[in-house]
Amino acid sequence: MSKLFIPYIMGDLKFIENLKTLSEAGADIIEIGVPFSDPVADGSTIMNAGAKAIEAGVNINFIFEKLIQYKETISSKYVLMTYYNIISSYGENEFLKKCEEAGVYGLIIPDLPFELTQKFKKDYPNKNIKIISIIAMTTSKDRIERIAKKAEGFIYTVTMNATTGENGQFHPELQRKIQLIKGVTDVPVVAGFGIRNQEHVKDIGRIADGVVIGSEIVKKFAENKPDETFQYLRSIRMPLDQI
């Protein structure tokens with residue numbers, strides 16, 4: 001089984017077009033960022049993309065509407081990366097129902113801690129939407145095991161103590177912690193933050209079940225020609241198939 005390619009795009013006016021491009025390039029699961037005014041996990045590239053999307057009038061209703069309209073044309077699974085305030089303002093139950101209607105596979109909620117995530121799951125036991133767990137490098141062994149045993153869909157492991165898109169070294173404990181997580185869960189364990197090229201993909205892909213790439217892909221869609229972006233995406237997909 002090849003490793004998972006999980007790219008991120010901002011939910012902007014062109015997100016359906018970009019979603020289809022990612023799907024055609026071999027993405028397994030696509031993260032769609034819901035633009036939010038006060039993100040806490042995002043670096044400057046994604047923050048700027050979110051601000052532009054908001055300025056253009058994009059909101060969660062626009063994203064749901066477009067996904068409902070085009071879901072039959074997208075072959076990859078897709079998840080929403082959103083902050084809890086958006087879900088709360090929409091209404092938890094209504095938000096989950098809309099996700100199901102829109103064909104959403106799962107939710108990544110960076111500002112919802114493990115304990116509240118478990119309460120959220122308990123409040124909606126019949127939901128068909130996966131709530132994706134995030135594990136940081138600062139997380140203790142005991143807490144890692146508790147999170148991993150309750151995980152669904154996949155586990156998103158953060159490679160460094162930073163926000164998305166930052167340059168820097170992957171955490172020295174990354175390999176050990178990924179191995180620990182994989183030992184106590186049955187779902188894929190993927191890694192993200194700071195991954196941007198084939199060398200990173202090969203390095204991380206040897207230990208994780210897949211990679212998440214966000215800021216670099218947002219940059220490519222914003223700055224490059226479509227064929228250049230597609231070639232970049234294929235350059236990420238190919239080594240994942242070869243590991």
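Residues are numbered from 1 along each chain as its sequence is written, and side-chain values use heavy atoms, with hydrogens and water left out. Because the model is predicted, local features need pLDDT of at least 70 and side-chain atom pairs count only at pLDDT 80 or more, while totals for chains, interfaces and linings use all residues.

Helices (H or I, at least four residues) and strands (E, at least two) are DSSP runs, numbered from the N terminus. E1 and E2 pair in the parallel sense over three bridges, where pairing requires that DSSP finds at least two bridges between two strands. Within this pairing, Ile9 stands opposite Ile32 in E2.

The largest nonpolar core has 86 residues, of which Leu19, Leu67, Leu80, Phe95, Leu107, Ile213 and Ile217 touch the most other members. E1 provides the largest share of this core, six residues. Such a core is a set of buried Ala, Val, Leu, Ile, Met, Phe, Trp, Tyr and Cys residues joined through side-chain atoms within 4.5 Å. Leaving aside neighbours within four places in sequence, Leu67 is in contact (heavy atoms within 4.5 Å) with Phe15, Ile16, Leu19, Ile32, Tyr78, Leu80, Ala102 and Val104.

Turning to helix H8 (residues 174-182), Ile181 lies within this element and counts as buried at 0% relative accessibility. With neighbours within four places in sequence again left aside, the contacts of Ile181 are Ile135, Ile144, Ala148, Ile155, Thr157 and Val189. Ile181 and Glu145 are 36 residues apart in sequence, yet 6.8 Å apart in space, C-alpha to C-alpha.

Of its 17 lining residues, Asp12, Ala49, Val218, Phe221 and Ala222 are the closest to the centre. By class, the lining has nine nonpolar, three polar and five charged residues. Here Ala, Val, Leu, Ile, Met, Phe, Trp, Tyr, Cys and Pro count as nonpolar, Asp, Glu, Lys and Arg as charged, and the others, Gly among them, as polar. On a 1 Å grid over the protein atoms alone, a pocket is an open set of points with protein on both sides within 12 Å along at least five of seven lines, a cavity is a set where a 1.4 Å probe fits but cannot get out, and lining residues have an atom within 4 Å of a point. Grid points are joined across faces, edges and corners, and a volume is the space filled by probe spheres set on the points.

The structure holds two cavities of 30 Å³ or more. The second largest cavity has a volume of about 100 Å³, and Tyr8, Met10, Val34, Asp42 and Tyr83 are the closest to its centre among 13 lining residues. H2 contributes the largest share of this lining, three residues.

Notes: Buried means under 20% relative accessible area, exposed over 50%, partly exposed in between (1.4 Å probe, protein chains only).
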